[in-house]
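Thanks for asking me to look this one over.

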Amino acid sequence: HVGVFEDLEQVLQRSFGGPGRMEVLHHMFDRLRACHVAILVVTRNSAHVVKQALGRVGIMPYVNDSFIFGFEDYGDNVPKSRVIREKILEVFGLRASALLFVDDDPSNIADVDKECPGCKTIQPPRHGLQQEHCDQIVAWAEQLSPE
């Protein structure tokens, strides 16, 4: 797998939907931070490219650099559920019920539903998180950590 952005200057519009959508995402991340929720990324892309893209749109401050797992960290045939179990749940001593998994690929959702029982999942469309998904994510976080 190779993650390629021909021009990282274009990443805001092409990969994140433009300034309006970024405002929605930043608001969601601010609310997640207020709930003390850690953001982890498990991707089939290069962790390095993802870090650059997230940095370009101002999201990296919400994500610990070591919490991005890219194709460099696991094999092509390793399901995301295994990465979650071995590199997240086991390492941090968490139960699956403490995890929210968001992915646009139905096979990844099915895999995590099966292999990480108790984990909440949300499947947004391929074009990304919309306001309704952000609201669901924040509601999940707030029920874990009521203010």
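1. A word on terms before the details: a residue is called buried under 20% relative accessible area, exposed over 50%, and partly exposed in between. Arg126, at 65% relative accessibility, therefore counts as exposed. Please keep in mind throughout that this is a predicted model.

2. Let me begin with the strands. Strand β1, residues 39-42, pairs with strand β2, residues 63-69, in the parallel sense, and three bridges join them. Within this pairing, Val41 stands opposite Ile68 of β2.

3. Now the salt bridges. How many does a search of the whole structure find? The search gives seven. One of them joins Glu142 to Arg31, with the closest N and O atoms 3.1 Å apart. Glu142 belongs to helix α6 (residues 131-144) and Arg31 to helix α2 (residues 19-34), so this contact ties together parts that are 111 residues apart in sequence. Glu142 is partly exposed, at a relative accessible area of 33%, and Arg31 also counts as partly exposed, at 30%.

4. Next, have a look at Lys80 and Asp103, whose side chains meet in a salt bridge of 2.9 Å, N to O. Lys80 lies in helix α4, while Asp103 sits in the loop between β3 and α5 (106-115), so the pair links parts that are 23 residues apart in sequence.

5. Arg126, the exposed residue from point 1, has a salt-bridge partner in Asp104, at 3.0 Å from N to O. Arg126 is in the loop between β4 (120-122) and α6, and Asp104 is in the loop between β3 and α5, so the contact ties together parts that are 22 residues apart in sequence. Asp104 is partly exposed, with a relative accessible area of 25%.

6. There is also a network to inspect: Arg85, Lys114 and Glu115 are linked by salt bridges.

7. On the surface, Val91, Phe92 and Leu94 form a nonpolar patch, and together they have about 280 Å² of accessible area. Leu94 is found in the loop between α4 (80-92) and β3 (100-102). With a relative accessible area of 40%, Leu94 falls between the two cut-offs, so Leu94 is partly exposed.

8. Last, the cysteines. How many disulfides does a search of the whole structure find? The count is zero. For Cys119, the nearest cysteine sulfur is that of Cys116, 5.9 Å away. A disulfide needs two cysteine sulfur atoms within 2.5 Å, so Cys119 is in no disulfide. Cys119 is buried, with a relative accessible area of 9%. Cys134 is buried too, with a relative accessible area of 2%.

Notes:
Residues numbered from 1 in each chain as written. Predicted model: local features only at pLDDT ≥ 70, side-chain atom pairs only at ≥ 80, totals over all residues. Heavy atoms only, no water. Pairing = 2+ DSSP bridges. Helix = DSSP H or I, 4+ residues; strand = E, 2+ residues; numbered from the N terminus. Patch = residues over 30% accessible without salt bridge, like charges linked within 9 Å, V, L, I, M, F, W, Y side chains within 5 Å. Areas by Shrake-Rupley, 256 points an atom, 1.4 Å probe, with all protein chains shown as cover. Salt bridge = Lys/Arg side-chain N within 4 Å of Asp/Glu carboxyl O. Buried < 20%, exposed > 50% of the residue type's maximum accessible area, 1.4 Å probe, protein only.
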